[in-house]
Amino acid sequence: MASKTLSTPLLDTLKTPDDLRQLPESQLRQVADELRTETISAVSVTGGHLGAGLGVVELTVALHYVFDTPRDRLIWDVGHQAYPHKILTGRRDRIRTLRQADGLSGFTKRQESEYDPFGAAHSSTSISAGLGMAVARDLEGGKNNVIAVIGDGAMSAGMAYEAMNNAGAMHSRLIVILNDNDMSIAPPTGAMSSYLARLVSGGAYRGLRETAKQLARKLPKFIYEKAQRAEEFARGFWTGGTMFEELGFYYVGPIDGHNLDHLLPILKNVRDSETGPILVHVVTKKGKGYAPAEEAADKYHGVVTFDVVTGAQTKAKANAPAYTRVFGESLIAEARRDDKIVAVTAAMPTGTGVDLFGKEFPTRTFDVGIAEQHAVTFAAGMATEGYKPFCAIYSTFLQRAYDQVVHDVAIQNLPVRFALDRAGLVGADGPTHAGSFDIAYLGCLPNMVVMAAADEAELVHMVATAAAYDAGPIAFRYPRGEGVGVDMPEQGVPLAIGKGRVVKEGSRIALLSLGTRLGEALKAAEELEARGLSTTVADARFAKPLDEELILRLARDHEVLITIEEGSVGGFGSYVLQLLADKGALDRGTLKVRSTVLPDTYQDQDKPERMYAKAGLDAAGIVTRVFEALGKEETRKVRA
Ligand SMILES: Cc1ncc(C[n+]2csc(CCOP(=O)(O)OP(=O)(O)O)c2C)c(N)n1
Ligand SMILES: CC(=O)[C@@H](O)[C@H](O)COP(=O)(O)O
Ligand SMILES: [Mg+2]
């Protein structure tokens, strides 16, 4: 449904890309303008990833116009730029539900539409997935096109090169569109970024006919003939000795990604070429066509709701410092005392708070690009030389570097510090970004220490603990968003490794919490006490090593023991159960143990608190779990 205040007469007539393909090319400029207006309007009410989508409006129109989607497979890397694509592919009526509960995902998602042939949200997967589709097509004798659109930031990840290395040798017909806006979330870093900049400055929009002729000779005959005919093709077409060619790709570009007169003929030529793989280098502007976005340092990568006229975002007043900031500031405080401390981020300086550290310690800060695997092994290398690397990575993105954590860090027992931001549920970004698994995937590793902060003051102490701990790898996790508003310590004090704390003493029920559910555990305890059930609440602090003494005492002295964590099955609750089983604490048969964990499903986006409530990880859910453990008879007595 179109917004009542917007004038989008042409867009209103388009239900699917088939409708778009009926239009004359002369109307596509208007479609693009209306699509941009609609994208801005929708994101102003939902919040989300705006700048990337605005930069690919023309590209989106051109791709759906030239290619026969969904028969031709169009894959968007990360998927955060796919809002205009969603609008054009039958989802306009739901576009104002983006990232909301029961609404459209903020990324591409196979279950959502046949126009999303591959789901994404983590970067740099598109070329691999596209090559897989192309090869499957070849095996079936199919003829459809496969197009992967990947950003310059996403091009910094190893996976993109693994895929190009494979594609260049396979000669399968695959089209890669490199969407080069000279931006990642932050300004891009690395040699690849400089290389792309050189390609652009060397050849951008030269549009010289001779150049095109000269270059077209390198291309297969079909394209060459067409190139000779098409005047437009001569503009913005440049190649010669690029790294992509060395890897076995035909390279086309750089071309102006906002100029439909350039995009359309080139994409048609590429479509009709019988060769592969081809890389089309498209230059765009992040935030294009919306002044507040174009002018912003982050090009409006991710925004909350905003006023379309002014671009002003509706930032809620903070009640407590954000965990990310607490981490950044605590690390700075530690680094002032210890010049061996360094910080590593994989293209997320602002998201992780490493930008704060970088302002004070620029030479001790390393943004390695979207390259989590490399970030971990790079940190391991620094650790071998006596440095104290803090590798600050979102829980979900560390998944990508698992073997590096095991093989390069844990087996060698190197003191790399993992600061795991976005632990637990993150809300609008949904299941791809939930930090659900790190307790399970780190806690099973020999040598690893795993901590979870219950509040922002605990986080300060955990940063100090990690700074002081040199015996091996250590990780600490904390969630997205604000702390709980506790008093902050002047300085972090290292915690005793493997020791939890009792926050409230009781006698019948024990609530053993790991992480920021502690507040809900305390609320649950209040309710249980009100019903005459004396309740102990403990903060485990460590998932590994466990505080065995504390846990065995809780098991011995209480009738019910409930573990609570913002993590998946196989994590803290499982470790506690294993300990209790191995130590015979379950043998006497009177102890009732229950674990509360995230459900064994991928929860769609919603407000984190609602998601936790659904998972039974709020105070009410904890109380319910206690009564389930007590059984019907006891529950009846308590309630009577
Ligand atoms: C594996 C992984 N690491 C980090 C991120 C966070 N992230 C999302 S988009 C983005 C920048 C992508 O830059 P680019 O590919 O150039 O796309 P642009 O936003 O510029 O269009 C980053 C770092 C991610 N999604 N996946
Ligand atoms: C697309 C992507 O991966 C990031 O932009 C992510 O959405 C950022 O999340 P935060 O807002 O939690 O930093
Ligand atoms: Mg980019």
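Predicted model: local features only at pLDDT ≥ 70, side-chain atom pairs only at ≥ 80, totals over all residues.
View 1. Helix H4, formed by residues 57–66, is mostly covered. Of its 10 residues, 10 are buried. The buried residues of H4 include Val-57 and Glu-58 at one end of the list, and Tyr-65 and Val-66 at the other. Thr-60 and His-64 are likewise among the buried residues of H4.

**View 2. Positions annotated as "binding site".** An unreviewed UniProt entry places this feature at His-80, Ala-121, His-122, Ser-123, Gly-153, Ala-154, Asn-181, Tyr-290 and Glu-372. These positions are spread over 293 residues of sequence, and in space they are also spread, with up to 32.0 Å between C-alpha atoms.

View 3. His-80, one of the positions that the UniProt entry lists under "binding site", lies in the loop that runs between strand E1 (73–76) and helix H5 (83–91). Because 24 other C-beta atoms lie within 10 Å, His-80 is buried. Apart from neighbours within four places in sequence, the contacts of His-80 are His-49, Ala-52, Gly-106 and Phe-107.

View 4. Ser-123 counts as buried because it has 26 C-beta neighbours inside 10 Å, where 20 or more are required. When residues up to four places away in sequence are not counted, Ser-123 touches Asp-77, Val-78, Ala-154, Ala-157 and Ile-370.

Terms used: Residues numbered from 1 in each chain as written. Chains lettered and ligands numbered in written order. Buried ≥ 20, exposed ≤ 12 C-beta atoms within 10 Å, placed from the backbone. Helix = DSSP H or I, 4+ residues; strand = E, 2+ residues; numbered from the N terminus. UniProt positions renumbered as here; feature names shortened; annotations may be inferred. Contact = placed C-beta atoms within 7 Å.
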